[in-house]
Amino acid sequence: MGTPSRTIFEDYDAVDVVMMYVTMGGDVENYGLSLIKFLNKVHAHDINCLTASVVSEFKTGFGGTFLYPVGSHLGAEYEYRVSFRSGKPYLRIYKVCKDGIKKKLVEGTPSILLKNLGLFS
């Protein structure tokens, strides 16, 4: 059984616009780290461009990664919230508990998160 996660992209008004669902390997040490590394190197001019770039990077074949309407009730153990602040990607990572309550693990720009990887242990 895998570790599902959802990545939610937020517009400038903090409105959820797109949700990407990853069925396996969605924990911070796997998908989370890959997402942070990608966000650290990607060049985008706004959240729409950033969203398209992330989907293109992680949807590499049949199955595994899907787009769903925001608000779809899909079980996930981790939630990644991506926004665009001051011309840069910004990420918040949550652990989703069995009762649906989310616990924030960390937030920041990808470069800050890469410098502070000890926060994930």
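Y31, F38, F58 and Y80 form one aromatic cluster in this predicted model. Rings of Phe, Tyr and Trp (its six-membered ring) are paired if their centres lie within 6.5 Å; planes under 30 degrees apart are classed as stacked, over 60 as edge-to-face and the rest as tilted. The structure holds five aromatic pairs. One of them joins Y21 and Y68, which are edge-to-face at 6.0 Å centre to centre with 85° between the planes. This pair links distant parts of the chain, with Y21 in strand β2 and Y68 in strand β3, 47 residues apart. The rings of Y31 and Y80 are also edge-to-face, with centres 5.1 Å apart and planes at 80°. Y31 lies in helix α1 and Y80 in strand β4, 49 residues apart. Both Y31 and Y80 are buried, where buried means under 20% relative accessible area, exposed over 50% and partly exposed in between (1.4 Å probe, protein chains only). Y21 is buried at 12%, whereas Y68 is partly exposed at 34%. Helices (H or I, at least four residues) and strands (E, at least two) are DSSP runs numbered from the N terminus.

Residues are numbered from 1 along each chain as its sequence is written. Local features need pLDDT of at least 70 and side-chain atom pairs count only at pLDDT 80 or more, while totals for chains, interfaces and linings use all residues; side-chain values use heavy atoms, with hydrogens and water left out.

Beyond its neighbours within four places in sequence, L91 is in contact (heavy atoms within 4.5 Å) with residues including L35, I36, L39, Y80, V82, V106 and L113.

Helix α2 has twelve residues and reaches 16 Å from its first C-alpha to its last. This is close to the expected 16 Å, taken as 1.5 Å times one less than the number of residues. The buried residues of α2 are I47, L50, T51, S53, V54, V55 and F58, and their cover includes β1 (5–10), β2, α1, β3 (65–68), β4 and β5.

A search of the whole structure finds eight salt bridges, each a side-chain nitrogen of Lys or Arg within 4 Å of a carboxyl oxygen of Asp or Glu. R92 in strand β5 and E10 in strand β1 are 82 residues apart, yet they form a salt bridge with closest N and O atoms 2.9 Å apart. R92 is buried at 11% relative accessible area, and E10 is buried at 6%. E79 and R81 form another salt bridge, at 2.7 Å, and both are buried. K104 and E107 form a salt bridge at 2.6 Å; K104 is partly exposed at 41%, as is E107 at 30%.

M24, in the loop between β2 and α1, is exposed at 60% relative accessible area. Beyond its neighbours within four places in sequence, M24 is in contact with G2 and T3.
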